[in-house]
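Keep the sequence and the 3D view at hand while reading.

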Amino acid sequence: MSDTLFRGGRAFLAGGAFAEAVLVRDGRIAAAGSEADVARLAAHGHETVDLDGGLLTPGFTDAHIHPVQAGLERAKCDLSGVYGLPEYLERIAAYAKARPGHEWIDGGGWDMAAFPGGLPHRSQIDFVDRPVYLIQRDHHAAWVNTRALEIAGITRDTPDPADGRIERDADGTPSGVLHEGAMDLVGLLTPRPAARDLSDALVDAQAHLFSRGITGWQDAIVGSYAGSDDQLPTYVAAAASGALKARVVGALWWDRTRGAEQIPELLERRRSAEGLERFRATSVKIMQDGIAENFTAAVIEPYCRCGGTGLSYVDPALLKDYVAELDRHGFQVHFHAIGERAVREALDSFEGTDPANRHHIAHLQIIEPSDVPRFAALGVTANLQPLWATHHAQMDELTIPFLGEERSAWQYPFADLLRAGTRFCAGSDWPVSNPDPIQGMHVAVNRTEPGGSVHAGYPTAQTPFLPGQSLDLATALTAYTAGSAWINHDDDAGTIAPGNRADLVVLDRDPFTEPQADIWRTEVAMTFVGGEQVYKR
């Protein structure tokens with residue numbers, strides 16, 4: 001019998017309660033309560049973990065994330081750690097110089113807000129003597145040079161694909177930005193990673209996520225999308241070999257160029273992962289629209305200044321039948337919906353489905369107020385990415401001016417959803433944004449940029465964004481723990497309760513006793529999966 005006693009701080013329990021100590025036995029929670037009572041239950045010679053005044057929480061589960069892609073990007077030309085055209089060009093040049101034998105220069109992480117109108121240009125990276133393909137931070141556009149366009153055969157006569165747009169100069173010449181489905185025109189020509197590259201990317205990402213206290217996740221795109229390869233074989237192999245220690249649900253990619261004929265293939269893909277302890281492919285991801293900044297988010301009234309109402313990638317007239325069939329087969333449906341029309345289309349498709357499948361809608365940037373009560377009524381979970389709900393350059397310069405005053409006030413309505421009885425889960429969308437749940441909780445509570453953020457110097461970064469939509473810390477923490485474990489059907493995780501699996505995080509301080517403006521300063525000291533320590537600071 002292997003016992004570990006956690007003491008010297010507090011433990012966060014379900015419902016916002018706290019305990020003085022927690023006992024773990026053979027990878028499971030054995031007891032939680034007063035230190036005196038719990039200590040009496042510990043076996044002779046037990047191990048003790050001193051919380052040193054910190055907080056013990058359930059392991060975090062990220063309900064919407066792309067770790068394999070993140071791991072690959074960390075190994076390529078990674079622009080996510082810098083900001084601004086000079087810094088981007090410096091990093092691109094250094095990367096290309098250090099890799100003279102690479103046929104392509106590829107990677108990503110650039111921010112739309114670093115460019116006038118959100119648009120870089122091919123000429124800025126034509127100094128590279130090879131084709132360049134760099135995915136935007138949000139993964140909804142790519143920046144390419146002239147050589148890449150030439151290799152792909154993209155000219156002024158190339159039509160836009162049905163699910164994307166080729167940005168063009170005034171004379172019709174492609175400018176070097178490919179939106180949404182147009183990304184594949186170049187992205188699929190880039191060198192394909194080998195199986196070992198994908199495996200290494202997953203292991204690297206897992207280690208990084210453990211350092212952020214994340215012990216499980218839902219990979220929001222398991223399939224081929226935006227130039228990336230299918231990660232299903234990578235997950236299956238890692239789970240079979242034991243390399244995958246986290247518990248993961250894969251959301252199988254719904255090919256938006258096809259219809260119900262792909263469902264038998266999805267069923268076969270789900271079967272290929274059956275019997276694995278750490279990985280299941282039981283969810284299907286439907287991306288219903290794009291993003292507001294490039295006007296592909298599906299909105300009801302036209303965008304200000306530029307007109308247009310965005311894109312519904314799956315025909316709403318067919319969507320309900322697709323979702324109903326997936327639901328009948330026991331799939332969970334995981335929607336991407338940014339604009340208020342896409343949110344409504346997703347909610348409409350869930351009418352009559354089985355709440356036991358635990359369907360959810362991610363992002364939810366804009367919700368028309370009359371649709372807020374429908375989440376609870378339909379049993380649909382709101383999958384929050386709180387880190388985005390602040391004043392930052394992309395919001396203030398590329399979003400609000402085009403949404404208009406009324407619609408801008410409908411953004412990220414967390415408190416309204418809570419008051420309506422909505423169930424929450426939460427995630428990061430990494431590598432789109434920082435995977436650290438603490439930073440996301442800070443924003444959910446404060447609606448300001450975390451003090452340590454790369455964008456914290458933006459003039460309005462510390463002006464709360466729609467502060468009436470803030471959540472309390474216990475609610476935000478529960479979304480990242482119990483809420484996201486629930487969405488993954490991981491019912492013996494997410495809370496510290498006797499019998500549950502000991503997926504645990506030790507924080508270096510108790511954020512409930514700190515000023516709420518300092519939540520972002522909290523760091524992970526240790527992470528445990530099934531009682532096994534997988535990270536120590």
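The lining of the second largest pocket has seven nonpolar, two polar and seven charged residues. The volume of this pocket is about 320 Å³, and 16 residues line it, with K76, H102, D106, P193 and D197 closest to its centre. The model is a predicted one.

**Second largest pocket: elements**

- Both α2 and α6 (195-210) supply at least two residues of the lining of the second largest pocket.
- The largest share of that lining comes from α6, with three residues.

**Largest pocket**

- The largest pocket has about 1000 Å³ of space.
- Its lining consists of 46 residues, and those nearest the centre are R137, L387, V432, S433 and N434.
- By class, this lining has 19 nonpolar, 16 polar and 11 charged residues.
- At least two lining residues come from each of α2 (67-74) and α12 (393-398), and α2 gives the largest share, three residues.

**Cavities**

- Six cavities of 30 Å³ or more are found in the structure.
- The largest cavity has a volume of about 220 Å³.
- Around the largest cavity are 21 lining residues, of which H66, Q69, H139, I221 and Y225 lie nearest its centre.
- Two or more residues of this lining come from each of α2, β15 (214-222) and β17 (279-287).
- The lining of the largest cavity is made up of eight nonpolar, nine polar and four charged residues.
- The second largest cavity holds about 160 Å³, and its 17 lining residues include Q69, K76, D106, I135 and G227, which lie nearest its centre.
- For this second largest cavity, α2, β10 (105-110) and β11 (132-136) each give two or more lining residues, and α2 gives the most, three.
- Its lining divides into six nonpolar, six polar and five charged residues.
- Q69 is among the residues nearest the centre of the largest cavity and also among those nearest the centre of the second largest cavity.

**Cysteines**

- A disulfide is a covalent bond that joins the sulfur atoms of two cysteines.
- The whole structure contains zero disulfides.
- Is C304 buried or partly exposed? C304 has a relative accessible area of 28%, so it counts as partly exposed.
- C77 has 1% relative accessibility and therefore counts as buried.

How values were computed
Residues numbered from 1 in each chain as written. Predicted model: local features only at pLDDT ≥ 70, side-chain atom pairs only at ≥ 80, totals over all residues. Heavy atoms only, no water. 1 Å grid on protein atoms, 1.4 Å probe; cavity = no way out; pocket = protein on both sides within 12 Å on 5 of 7 lines; lining within 4 Å. Points joined across faces, edges and corners; volume = space filled by probe spheres on them. Helix = DSSP H or I, 4+ residues; strand = E, 2+ residues; numbered from the N terminus. Nonpolar A, V, L, I, M, F, W, Y, C, P; charged D, E, K, R; others polar. Disulfide = S-S within 2.5 Å. Buried < 20%, exposed > 50% of the residue type's maximum accessible area, 1.4 Å probe, protein only.
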